[in-house]
Amino acid sequence: LAIFFGAALGNVIRGVPLDSSGYFFEPLWTTFTVQPNAGILDWYTVIGGVMALVALASHGALYLAHKTDADLNARARQAASYAWWGLLALTPISLLATVYVRPAMLENFRRAPAGVLIPLVVFASLGAMYWFRSRGNDRAAFVSSCTYLAGMLVGAAFGLYPYVLPASTDPVYSLTIYNTSAAHHGLTVGIIWWCMGMVLALGYFVFLYRTFRGKVTRNVLSDAGHESY
């Protein structure tokens, strides 16, 4: 799933062959190069898939380190360490590849210079992951990973705005926030229900994480003759 979602995001950024009806079809791959009629997989979307896999593997390892102790904690930290080096290499590669595939994404950063804070946050959080993990602060390392993922996604959305799904064939067929939005009444009702839903979702997760807060420690049950977590 990590590879799938990374490749899917790569398709959104690169653009898909939309036609005048707003539909498109892509084969699994064509020439494996970025072109107007590229397939689902090309060199750019593969980078996106691998990037998502490494980033989420690192994220999961840091969460596991935060929630466990003893040997499992050490193994999770080691896995996070390996994944971090992959992130260090893939992050600049993916950013440069994105600028190469869709140079127009830089226009929003030129129009709104404050957007440069987004890549700064990405690289700062990447450094913070290493700093806190090397000092045994698993919680701060995990929060840094959350910031890294959020920064990468916000950067993609900021660069694509106002496009929702760019067309790789003819820009006039691209889907934007303007030609895909619902009517005003529908948007008004939607934002009201979205706010209520988000309050419920946040409340649920606060309850969930407070209920299971702290590390999952290992207890040796000598009378039962086995170990449990």
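These legends walk through several close-up views of one predicted protein model.

Because this is a prediction, local features need pLDDT of at least 70 and side-chain atom pairs count only at pLDDT 80 or more, while totals for chains, interfaces and linings use all residues. Residues are numbered from 1 along each chain as its sequence is written, and side-chain values use heavy atoms, with hydrogens and water left out.

**View 1. The whole protein, for orientation.**
Start with the parts list: 7 helices and 4 strands. Both kinds of element are DSSP runs numbered from the N terminus, helices being H or I with at least four residues and strands being E with at least two. Read from the N terminus, the order is α-α-α-α-α-α-β-β-α-β-β. Along the principal axes, the C-alpha atoms fill a box of roughly 70 × 45 × 35 Å. The protein has 229 residues, and 33% of them count as buried (under 20% relative accessible area; exposed is over 50% and partly exposed is in between, with a 1.4 Å probe and protein chains only).

**View 2. Helix α3 alongside helix α5.**
Here α3 (residues 70-101) and α5 (residues 117-134) have axes that come within 11 Å and cross at roughly 165°. That makes α3 roughly antiparallel to α5. Axes are lines fitted to C-alpha atoms, for helices over the stretch in contact, and angles run from 0 to 180 degrees between N-to-C directions. Angles under 35 degrees count as roughly parallel, over 145 as roughly antiparallel, 65 to 115 as roughly perpendicular and the rest as oblique. Look for Trp 84 and Leu 88, among the α3 residues that meet α5, and for Phe 123 and Tyr 130, among their α5 counterparts. Contact means heavy atoms within 4.5 Å. Sorted by class, this contact has 11 nonpolar, 2 polar and 2 charged residues (Ala, Val, Leu, Ile, Met, Phe, Trp, Tyr, Cys and Pro are nonpolar, Asp, Glu, Lys and Arg are charged, and the others, Gly among them, are polar).

**View 3. Helix α5 against helix α6.**
The axes of α5 and α6 are 8 Å apart, and the helices pack at an angle of about 160°. They are therefore roughly antiparallel to each other. Residues making the contact include Val 121, Leu 126 and Phe 132 of α5, plus Ala 141, Gly 151 and Phe 158 of α6. The class tally for α5 with α6 is 13 nonpolar, 6 polar and 1 charged.

**View 4. Helix α3 with helix α6.**
Now α3 pairs with α6 (residues 138-160), at an angle of about 25° and with the axes 13 Å apart. That makes α3 roughly parallel to α6. From α3 come Asn 73, Arg 77, Leu 87, Thr 91 and Ser 94, and from α6 come Asp 138, Tyr 148 and Met 152. Their classes come to 3 nonpolar, 3 polar and 2 charged residues.

**View 5. Gly 39, a loop residue.**
Find Gly 39 in the loop between α1 (2-14) and α2 (43-67). With 1% relative accessibility, Gly 39 counts as buried. Setting aside neighbours within four places in sequence, the contacts of Gly 39 include Asn 11, Arg 14 and Trp 29.

Cys 146 is partly exposed, at 32% relative accessibility. Cys 195 is partly exposed as well, with a relative accessible area of 38%. Searching the whole structure turns up 0 disulfides (a disulfide being a pair of cysteine sulfur atoms within 2.5 Å).
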